[in-house]
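Good morning, everyone. Please have a look at the sequence and the model before I walk you through the fold.

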Amino acid sequence: MIQVNESPETRFIHRFIYSSLFRNLFLSGSILALLGCATTRFTKRATDAAASPSPAASIVIAQQQSDAISRPTSKPYTGELSIFEDPKRDERLQPNRIMDILGIKEGSSVADIGAGSGWFTVRAARRVGNGGTVYAVDINRDYLDYIEKRAKGEDLSNIHVILGKEDDPLLAEKSVDAVLLLKTYHEVAQPIRLLRKTHLAMRASALLGIIDRNGKGDDHGLDKEVVIKETERAGFVLVNQYDFVKPDSVDYFLVFRAAD
Ligand SMILES: C[S@@+](CC[C@H](N)C(=O)[O-])C[C@H]1O[C@@H](n2cnc3c(N)ncnc32)[C@H](O)[C@@H]1O
């Protein structure tokens with residue numbers, strides 16, 4: 001064992017150095033611990049803020065969630081377009097009568113949602129003339145390319161194609177006087193959301209027509225009562241219904257206007 005003989009002065013100096021060192025170490029540790037706590041709390045608050053949106057945003061999210069449907073839908077048609085061009089279809093579906101009922105006239109602005117080959121689009125374009133517009137909306141880019149070529153070939157420069165989203169036709173606000181979903185509703189993945197957006201695109205007194213056949217949703221049709229219920233949930237009121245379209249293998253033609 002090594003004996004160190006320190007003078008009282010030296011001992012005092014050593015003690016002073018050790019206690020200062022110890023105090024500094026203790027203080028730094030405490031500061032670091034405090035900083036750590038504060039950072040954790042701040043991070044937690046920031047995460048909480050990001051996870052819990054404002055009350056207004058919560059209402060929008062809640063509405064979007066409640067607008068989601070949980071019933072089956074049919075896979076969107078991707079086949080040959082010639083099936084929509086049967087020459088007998090004019091006789092069976094009476095497009096002029098459909099357009100009269102929807103108030104489509106010269107100068108009108110019309111949306112054909114789920115336009116397919118553009119069978120209805122071109123008929124509406126001829127009726128609205130150069131002063132009007134027909135928006136051919138579809139989620140299938142190839143079909144829209146076909147409609148664009150067709151419009152050029154038939155000299156119908158008032159046709160505009162829109163590549164819509166499954167829940168949004170991407171129409172401008174208050175841009176249309178009439179909308180038709182012909183044999184399309186049963187394919188729409190999120191119809192209530194799509195109709196809410198359609199509602200925003202409709203001018204005052206504009207009408208919405210839905211032509212489809214009865215079915216379970218995944219069998220190329222959807223029961224009329226389900227369509228009425230969902231369309232009403234999207235903010236529309238049923239104003240009339242017809243069945244003269246039946247010869248074209250459909251069951252109903254429903255006409256809605258925006259609820260007040
Ligand atoms: C059975 S076809 C009917 C075509 C046309 N309306 C007719 O009867 O001649 C349905 C069309 O709706 C389109 N479609 C499906 N879901 C859609 C959606 N959410 N928005 C727009 N178009 C949609 C499909 O791509 C397809 O062209």
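What we have is a predicted model, in which local features need pLDDT of at least 70 and side-chain atom pairs count only at pLDDT 80 or more, while totals for chains, interfaces and linings use all residues. Residues are numbered from 1 along each chain as its sequence is written.

The sheet is open, with 7 strands in the order E3-E2-E1-E4-E5-E7-E6 and mixed pairing; strands here are DSSP runs of E with at least two residues, helices are runs of H or I with at least four, both numbered from the N terminus, and two strands pair if DSSP finds at least two bridges between them. Strand E3 (159-163) and strand E6 (236-242) stand at the edges with a single partner strand each, so one side of each is left without a neighbour in the sheet.

Turning to E2, how many of its residues are buried? The count is 6 of 6, where buried is taken as 20 or more other C-beta atoms, placed from the backbone, within 10 Å of the residue's own. Thr-133, Tyr-135 and Val-137 point one way from the strand, whereas Val-134, Ala-136 and Asp-138 point the other way.

On one side, E2 runs parallel to E1 through 5 bridges, with Ser-109 opposite Thr-133; E2 also runs parallel to E3, again through 5 bridges, and there Ala-136 has Val-161 as its bridge partner.

Definitions and conventions:
A residue is buried if 20 or more other C-beta atoms lie within 10 Å of its own, exposed if 12 or fewer, and partly exposed in between; C-beta atoms are placed from the backbone.
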